[in-house]
Amino acid sequence: MDRLWMGRALQLAELGLYSTHPNPRVGCVLVRDGQLVGEGWHQQAGTPHAEVHALREAGERARGATAYVSLEPCSHHGRTPPCAQALIDAGVSQVVVAMQDPNPQVAGRGLDMLRSAGIAVWLAGEELQRQAEELNRGFAKRMRCGLPWVTAKLAMSLDGRTAMASGESQWITGAAARADVQRLRARSSAVVSGADTVLLDNARLTVRADQLDLPEPQQQLALQQQAMRVVVDGRLRVPFDCAFYNEPNGWLASYSTPALVPDTVGVLELPERQGQVDLPALLDCLARQHEVNEVLVEAGPRLAGAFLQAGLLDELVIYMAPKLLGSDARPLLDLPLLRMAEAVDLQIRDIRAVGNDWRITCRV
C-alpha cells in the first residue's frame, strides 16, 4: 500500500512537469485508515506547495494521517512557509518521503523537523527514489553540481542526415514528432540554439498552444511559463528585428558587446574560448544567475557537437524519420573523430514510435 500511495504522489508531481521551474515537481497524498483524504501537487513557483494543497483538501481528516510526499518537505521560509511545519501543525502521524531534498544546505532538515515533533519518518524504496530523482533530474543536478541538466534534441533521416547541403530542413519529421518537441520545450527552463539555426529556419523556439495539447490546467500553466530562449551568437550575426527576438524572453549569449540592445532582449555576457562562446560558462550562468534546471539544445550539428565534445550533454533525444537525404546532406553532429577509440558510447533508455517517426532517447 505504501508503494501504491507513493506512486500516486509521483503521478501528481508529474502534473507539474511543465510549470514548476525553478522549483522541483512535488506531489503529496494524505491517507487515513486506508482511505485517501487529501492530495495535491505543486503548480508554480510562488504558489502553495503540494503538501498545502493536500492539507487543505483533507481539513480535519489530516490529523493522524500518513503523508506520502515525493520530495522531502521544505524546512525553510522561501516564497511560502515551510511545509514540514504545516504537516506538524495538521497533526499527521507519519510521513513517507520518496527522496531527500538534493540541496546540500537543506537536505535532511525537513525530516529532522518532523522527527523532532514526534512524527515517524520513512524513506521510500530504491525504485521509488529512482523515479522521484528522474522526475527532478534538473533540479537535483543544479543543487548538487551547480549546472543544469542538458538535453540535445535532434531530428534526422534514416541515413543520419539533418538537412540538405543548402541547409533546408523543414520538415524532416512529421507533425506528431514536432508536437512531441513542444512538450520537450515546455518542460525546459531554457532552450538554447545557434545563430545558424535561427537564421536558416527563422526559428522562434517558442512553445505553441496549438501543438502542445496538454490537459487543463497543465496547458495554461505551461503557456504562462515560457522558457528562456537563448541564441549562442558570438559574432552578433542574428539581427534584433528577426522573429526570434520578436517573441518574449529572448536572450543573446555572446562574447561580443552589441552597440544597442532592445529593452525586450536579455544579454548573457560570456567569455570567449577558442573563437567561440564559452559553453561551460553559459551553463554556469544559466544555473547560478537564472536558476535554470533543464536546458534543451535545439541546434545544428556544429553547436550540438560542441556541447557533446565538451562533455556537457546528459541526454540525446533523436527523432528519426523514414527518409533518405543522401550523402551530400548535413550530418547529425559535427564530431571530427578519427579512431574507433574516440567513439562516444551512449546508453539507449527508450525507443518508441511517434507518428510515422521514431524517438530514440539516449544517455551520454
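Residues are numbered from 1 along each chain as its sequence is written, and side-chain values use heavy atoms, with hydrogens and water left out. In this predicted model, local features need pLDDT of at least 70 and side-chain atom pairs count only at pLDDT 80 or more, while totals for chains, interfaces and linings use all residues. Helices (H or I, at least four residues) and strands (E, at least two) are DSSP runs, numbered from the N terminus.

The largest nonpolar core has 38 residues. A nonpolar core is a set of buried Ala, Val, Leu, Ile, Met, Phe, Trp, Tyr and Cys residues joined through side-chain atoms within 4.5 Å. Buried means under 20% relative accessible area, exposed over 50%, and partly exposed in between, with a 1.4 Å probe and protein chains only. The residues with the most contacts inside this core are Met6, Val29, Leu30, Tyr68, Leu87, Val95 and Leu114. Helix α1 (residues 2-14) gives the most to the core, with 5 residues. Another core, of 36 residues, lies apart from it; Met228, Leu308, Leu316 and Ile360 are among its members. In soluble globular proteins, nonpolar side chains tend to be buried together.

Leucine 30 has contacts (heavy atoms within 4.5 Å). Not counting residues up to four places away in sequence, leucine 30 touches residues including Leu36, Val37, Ala54, Leu55 and Val92.

In helix α3 (83-90), the residues Cys83, Ala84, Leu87 and Ala90 are buried. They lie on the same side of α3, because they cover an arc of only 130 degrees around the axis. The arc is that of the directions from the helix axis to the C-beta atoms. The cover over these buried residues includes α2 (50-58), β3, β4 (94-97) and α4 (109-116). Just after α3, glycine 91 takes a positive phi of about 80 degrees.

Glutamate 72 sits in the loop between β3 (66-69) and α3. Its relative accessibility is 4%, so glutamate 72 counts as buried. Leaving aside neighbours within four places in sequence, its contacts include Val97, Met99, Arg109, Gly110 and Leu111. A polar atom of the glutamate 72 side chain lies 2.8 Å from the backbone nitrogen of glycine 110. The side chain of glutamate 72 also reaches the backbone nitrogen of leucine 111, at 3.2 Å.

An open sheet is formed by 9 strands in the order β11-β10-β9-β8-β14-β6-β15-β18-β17, with mixed pairing. Two strands pair if DSSP finds at least two bridges between them. The edge strands, β11 (265-269) and β17 (347-354), each pair on one side only. The twist averages 20 degrees from one strand to the next. Strands β9 (residues 228-232) and β10 (residues 250-254) pair in the parallel sense over 4 bridges. Valine 231 has leucine 252 of β10 as its bridge partner.

Helix α7 (residues 175-187) packs on the sheet, and its direction makes about 165 degrees with that of β15 (315-321). Axes are lines fitted to C-alpha atoms, for helices over the stretch in contact, and angles run from 0 to 180 degrees between N-to-C directions. Helix α11 (residues 279-290) lies across β6, β8, β9, β10, β11 and β14, running at about 155 degrees to β9.

Serine 188 is in the loop between α7 and β8. Serine 188 counts as buried, because its relative accessibility is 4%. Beyond residues up to four places away in sequence, serine 188 touches His21, Ala227, Glu294 and Leu296.

Technical notes: Polar contact = N/O pair within 3.5 Å; in protein donor to acceptor, adjacent residues only side chain to side chain.
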